[in-house]
Amino acid sequence: SLIQMSEQLMPELSEDVIRRIINYSDHSLGELRKVSKAWKTLVEEELSNLSRLPPFEEIEIVPAEGDPSSIVIELKIKKEYGFVLQSFSKFGFWEVPSVDREMYTAQKDIPLVALLGERTVLLATPKVIKRVVIREMQGRLKLLADYFRNIQFEELVFDAVDLTPRYSEEILVLIRDWNATSVEFSFLSHSLHHPDAFLVQVSELVDALTITQSYSNSYVFGGRDWLVTLAEMLRKRVSFIRIRHDDKTVIATQWELLHFVQRLNLNVTNKRVRIELNAFFERNSFGFSFSHAEDEMNLNVKYNKKNIRECVISIAHNVTS
């Protein structure tokens, strides 16, 4: 075996030779760590070297196609840093064609049973992962939360989400366990009785929230009470909200917008707030902005003379200390 062979050769191998074996061996790092204390130290040093590598643009975690018992992890990094993927070949990643010409992409299949009761430092080693994208992982998020316990990233994205009560609970647990501060959702539909309550719960956990939803009969964000929901969300931790949608029920009069801003001024006074979303109106489209500088508040509502139904709403609430 590798361990028996290495124990016999250890007195004759220099650290440089051992490092070369570690970098080019087909054996897993887990096996190599078991050879001896010296090998374990050198393997861990190689792992620590990964912390000095450039950041990944994106890591995507999805179910394996045609194999419900496995998941696929896909790494994406700018081509100028393509050499990084060579370092990850020792972890079982292989390069695959990339849709984006500016990126190199590598993948690895992981059986679900391998996630049970295990943890990995693999994705905790790069300095920063810009985006972690999770797609169609209902029923599996608890395994990810445990396995990638120390993962480090800037933004967590849930793509193609069919939001069920069970999946909503899994998502909240994952956001807490991974200490996500910026979260993006792309919703397809939902079956929640109170989707607004879910959004408020998410707002309590993150600093920034982006929601995309379109062509749906069941919007997670929307309805006539959307301003009430938005105000409740902003009473929580979140300070930046961006919503992209085509829900024609997101309607407000100038008076409703003014009332909303007044409510913001009463309830959100200790943080900077920014909201970006598009709204619809029956006859005229409008854009409005809200700003707070020192003791002065400004609310501007601008009607579009071209009578275009869709417009952009931007609210800026800046509070000085």
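Hi everyone, let's start with Arg235, which pairs with Glu232 in a salt bridge whose closest N and O atoms are 3.7 Å apart. By salt bridge I mean a side-chain nitrogen of Lys or Arg within 4 Å of a carboxyl oxygen of Asp or Glu. Arg235 is exposed, at 51% relative accessible area, while Glu232 is partly exposed, at 30%. Here buried means under 20% relative accessible area, exposed over 50%, and partly exposed in between, with a 1.4 Å probe and protein chains only.

A quick word on the background. This is a predicted model, where local features need pLDDT of at least 70 and side-chain atom pairs count only at pLDDT 80 or more, while totals for chains, interfaces and linings use all residues. Residues are numbered from 1 along each chain as its sequence is written, and side-chain values use heavy atoms, leaving out hydrogens and water.

Strands are DSSP runs of E, at least two residues, and helices runs of H or I, at least four, numbered from the N terminus. Lys130 is partly exposed at 29%, whereas Glu57 is buried at 16%.

Now to helix H7 (residues 165–177), where Glu170 and Arg166 are four residues apart, about one helical turn. Their salt bridge has its closest N and O atoms 3.5 Å apart. Glu170 is buried at 14%, but Arg166 is exposed at 59%.
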